[in-house]
Amino acid sequence: MTIKEVCDKYNLTPDTLRYYERVGVIPEVTRTAGGIRDYQETDIGWVENAVCMRDAGVPVEMLIEYVRLFQEGDQTIDARTNLLKEVREQILENRKKYDIALEKLEYKIGRYEIAQKTGKLTWE
């Protein structure tokens, strides 16, 4: 896949993809003999991982560390497992915050919908 195709598929900019590769959020991408990025299935897997984790709020630094550990081989399995557990805890904490915010929004929307019918806004 070309960089344009990958960007279109994952709603990224070429600058973002190049940045991810440059800083180590994704490993170095496969290139053609002419040096043009040619995303293969493995490369796409790393892009999908990066997009998923960034969407979940995982810091770039943690992704860089994970890729570095992965590239060091199986002797880093424990460290990678611990890193992923830390990421999971961060995601669960963020989910709690979103659940609380969603609950408050649902309450307010419900009160406003009642006010639309009755002409009076109350917070009971």
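A polar contact here is a pair of N or O atoms within 3.5 Å, one able to donate a hydrogen and the other to accept it. Keep that in mind for the first stop. The model is predicted.

**Stop 1: Thr 76.** Select Thr 76. You are in the loop between α4 (60–72) and α5 (77–118). Show the side chain and the backbone of Gly 73. A polar atom of the Thr 76 side chain lies 2.7 Å from the backbone oxygen of Gly 73. Is Thr 76 buried or exposed? Its relative accessibility is 5%, so Thr 76 counts as buried. Now look past its neighbours within four places in sequence. There, Thr 76 is in contact with Leu 69 and Phe 70.

**Stop 2: α4 against α5.** Select both helices. Their axes come within 10 Å and cross at roughly 160°. Angles over 145 degrees count as roughly antiparallel, so α4 is roughly antiparallel to α5. The crossing of α4 past α5 is left-handed.

Next, show the side chains in the contact:

- From α4, pick Met 62, Glu 65, Tyr 66, Leu 69 and Phe 70.
- From α5, pick Ala 79, Arg 80, Leu 83, Leu 84, Glu 86, Val 87 and Gln 90.

Color them by type. The residues of this contact divide into 8 nonpolar, 1 polar and 3 charged. Leu 69 and Phe 70 belong to the α4 side of this contact, and Thr 76 touches them too.

**Stop 3: Lys 108.** Stay on helix α5 and move to Lys 108. At 43% relative accessibility, Lys 108 counts as partly exposed.

Terms used: Residues are numbered from 1 along each chain as its sequence is written. This is a predicted model: local features need pLDDT of at least 70, side-chain atom pairs count only at pLDDT 80 or more; totals for chains, interfaces and linings use all residues. Side-chain values use heavy atoms; hydrogens and water are left out. Helices (H or I, at least four residues) and strands (E, at least two) are DSSP runs, numbered from the N terminus. Buried means under 20% relative accessible area, exposed over 50%, partly exposed in between (1.4 Å probe, protein chains only). Contact means heavy atoms within 4.5 Å. Axes are lines fitted to C-alpha atoms, for helices over the stretch in contact, and angles run from 0 to 180 degrees between N-to-C directions. Angles under 35 degrees count as roughly parallel, over 145 as roughly antiparallel, 65 to 115 as roughly perpendicular and the rest as oblique. A crossing is left-handed if the near helix is turned anticlockwise from the far one by less than a right angle, and right-handed if clockwise. Ala, Val, Leu, Ile, Met, Phe, Trp, Tyr, Cys and Pro count as nonpolar, Asp, Glu, Lys and Arg as charged, and the others, Gly among them, as polar.
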